[in-house]
Amino acid sequence: MKDIVEKLKKEIEGFKDHLEATPVGFIDEVGDGVVKIRGLREAQSQEMLAVKTDEGEVTLLAFNLEEDLIGAIALGDYKFIKVGDEVTGTGSILSIPVGKELVGRVVDPLGNPLDGKGPIFDDAEKAPRYPVERRAPGVLARESVNTPLHTGLKAIDAMIPIGRGQRELILGDRQTGKTAVAIDAILNQKNDAGRRRPYCIYVAIGQKESKIARIAALLEEQGALEYTTIVAAPASFPAALLYLAPYAGAAIGEYFMDHGEDALVIYDDLSKHAAAYREISLLLRRPPGREAFPGDIFYLHSRLLERAAKLNQENGGGSLTALPIIETQLGDVSAYIPTNVISITDGQIYIESDLFYQGVRPAVNAGLSVSRVGSSAQTKAMKKVAGRLRLELAQFRELRAFVQFASDLDPATQKKIKRGELMTEILKQEDLAPIAFEDQVVLFYAALNGYFDTLPLPRVREMEKKLRDFMEKLHGDLMASIRKTGDMPKETEEKLKNALEDFKNLISKD
């Protein structure tokens, strides 16, 4: 009998060694893409959970860790999830595959292809993965922004310069050309010779699928898709994927930044992102605050935009530049979400509806727009030439408002108003036609030094094109020097003056 008991003890001990307890939870409530789970006490925030349904496995993302329940959002089709279904933890935080293979592709916020061009990675399991939510680089890993990122838009490159590693907000009412500014910035990167070309990531949040397809086709046609990735979360996607999209775009950009490259990420737009987060939060019964947004809506965007940085040389010297877009209602920049994002970013480009409808495009309001990085993100040549531009425009706006009811003006005031009208005309630019930085420098130098003063306003755009052709064909070495050095020393300036005199004599014969 004793032998039998000993044998049984040994068998039981051996059986214990093979036991592996897997924590399991159960669906307690489901609806509108949000589920409540009972159990799984070891689950982490942002952990991927798996629920087995009759139609296969659905991935969930742990969002709310409450005392008795876990609030999670479904990243797939939640219609087949039922109360009582079994949920298991995966032990891994949500991440997406990253790498140069994503360049030229259209993907969803989980890294799955949407462009019908087949798989992105030869072996998806071996592809590097970055967490969707990641801590921003620390203060000591960064350096000050000192390299320009040219957009090809005269009004922005001259007055509101953007540097690599900066966060510059684009805001304005709907249908006023905010996306056009961002797309021009992408297109201009193929022209920005002499500098390391940044990889571009365009994140479409809650846009129409037709608009995303149109942008993809446009970038491909212009040869810009070869250095661009589009992260698409169209309006038909569930709110969970709209919420994840900008973080996925930041993760793709961080891969390039960590490898010593430059990246430019455009979030179009964060108003829809905030609305998607509000929807998820209210479904999870989080208390609403101002304008029904939850109290942590500021942290939502600050932890996203803080990931944009210019790393120092010890950390590879890469950069991630962010251009978030915010839609205002009737020009109200003091609303909750616009003021939140203004306070996080390093400046804003304000697109004004009134200017847009007057035909000033891009409709940049130079008074309300600002770059807090300032001239450290400008080349010496542009700084030297365009330094007076903002002041002259400000004086023009003030004088125009002051003298609109006056009948006679002194010659000095008339000259200032005429110069202001000329500069306003010169700052106008067509969509999808970015202008190289050296062409802008020559144009501003000519305009601010009186070479265009005798021109009637309707002929300014025509003369601008003629000047660019003239400089390119007859003074290509001068343009190459400005482009290569980014500077305009005295001897270059003298050559430019002579070239502009020749051009002035030429046009006076027309």
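For what follows, Ala, Val, Leu, Ile, Met, Phe, Trp, Tyr, Cys and Pro count as nonpolar, Asp, Glu, Lys and Arg as charged, and the others, Gly among them, as polar. With those classes, the lining of the second largest pocket divides into 11 nonpolar, three polar and seven charged residues. One caution before going on: this is a predicted model.

Let me stay with that second pocket for a moment. The space in the second largest pocket is about 420 Å³. It is lined by 21 residues, and the closest to its centre are Leu355, Val360, Phe396, Arg400 and Thr424. Four helices, α2 (154-159), α9 (353-357), α11 (389-403) and α12 (411-427), each give at least two residues to the lining of the second largest pocket.

Now the largest pocket. It holds about 850 Å³ of space. Its lining has 35 residues, and Gln175, Gly177, Thr179, Ala180 and Lys211 are the closest to the centre. By class, the lining of the largest pocket has 15 charged, 11 nonpolar and nine polar residues. Which elements each supply at least two residues of this lining? They are α3 (178-188), α4 (209-221) and β15 (319-327). The largest share, six residues, comes from α3.

In soluble globular proteins, nonpolar side chains tend to be buried together. Here the largest nonpolar core has 77 residues, and Phe444 and Phe452 have the most contacts inside it. Helix α13 (residues 437-448) gives the most to this core, with nine residues. What does phenylalanine 452 touch, leaving aside neighbours within four places in sequence? Phenylalanine 452 is in contact with Leu422, Ile426, Leu443, Ala446, Ala447, Leu467 and Phe503. Another core lies apart from this one; it has 67 residues, among them Tyr243, Phe293, Leu300 and Leu311.

Last, the salt bridges. The count comes to 33.

The side chains of arginine 134 and aspartate 258 meet in a salt bridge, at 2.9 Å from N to O. Arginine 134 lies in the loop between β9 (129-131) and α2, and aspartate 258 lies in helix α5 (residues 239-258), so the pair ties together parts that are 124 residues apart in sequence. Arginine 134 is partly exposed, with a relative accessible area of 30%, and aspartate 258 is partly exposed, also with 30%. Arg134 and Asp258 belong to a network of salt bridges that also links Glu254 and Arg307.

Lysine 82 and aspartate 54 form a salt bridge as well, at 3.1 Å from N to O. Lysine 82 is in the loop between β5 (69-74) and β6 (86-93), while aspartate 54 is in the loop between β3 (47-53) and β4 (56-65), 28 residues apart. Lysine 82 is partly exposed at 38% relative accessible area. Aspartate 54 counts as exposed because its relative accessibility is 68% and the cut-off is over 50%.

Finally, arginine 290 forms a salt bridge with glutamate 291, with the closest N and O atoms 3.5 Å apart. Arginine 290 is partly exposed at 44%, and glutamate 291 is partly exposed at 42%.

How values were computed
Residues are numbered from 1 along each chain as its sequence is written. This is a predicted model: local features need pLDDT of at least 70, side-chain atom pairs count only at pLDDT 80 or more; totals for chains, interfaces and linings use all residues. Side-chain values use heavy atoms; hydrogens and water are left out. On a 1 Å grid over the protein atoms alone, a cavity is a set of points where a 1.4 Å probe fits but cannot get out, and a pocket is an open set with protein on both sides within 12 Å along at least five of seven lines; lining residues have an atom within 4 Å of a point. Grid points are joined across faces, edges and corners, and a volume is the space filled by probe spheres set on the points. A nonpolar core is a set of buried Ala, Val, Leu, Ile, Met, Phe, Trp, Tyr and Cys residues joined through side-chain atoms within 4.5 Å. Buried means under 20% relative accessible area, exposed over 50%, partly exposed in between (1.4 Å probe, protein chains only). Contact means heavy atoms within 4.5 Å. A salt bridge is a side-chain nitrogen of Lys or Arg within 4 Å of a carboxyl oxygen of Asp or Glu.
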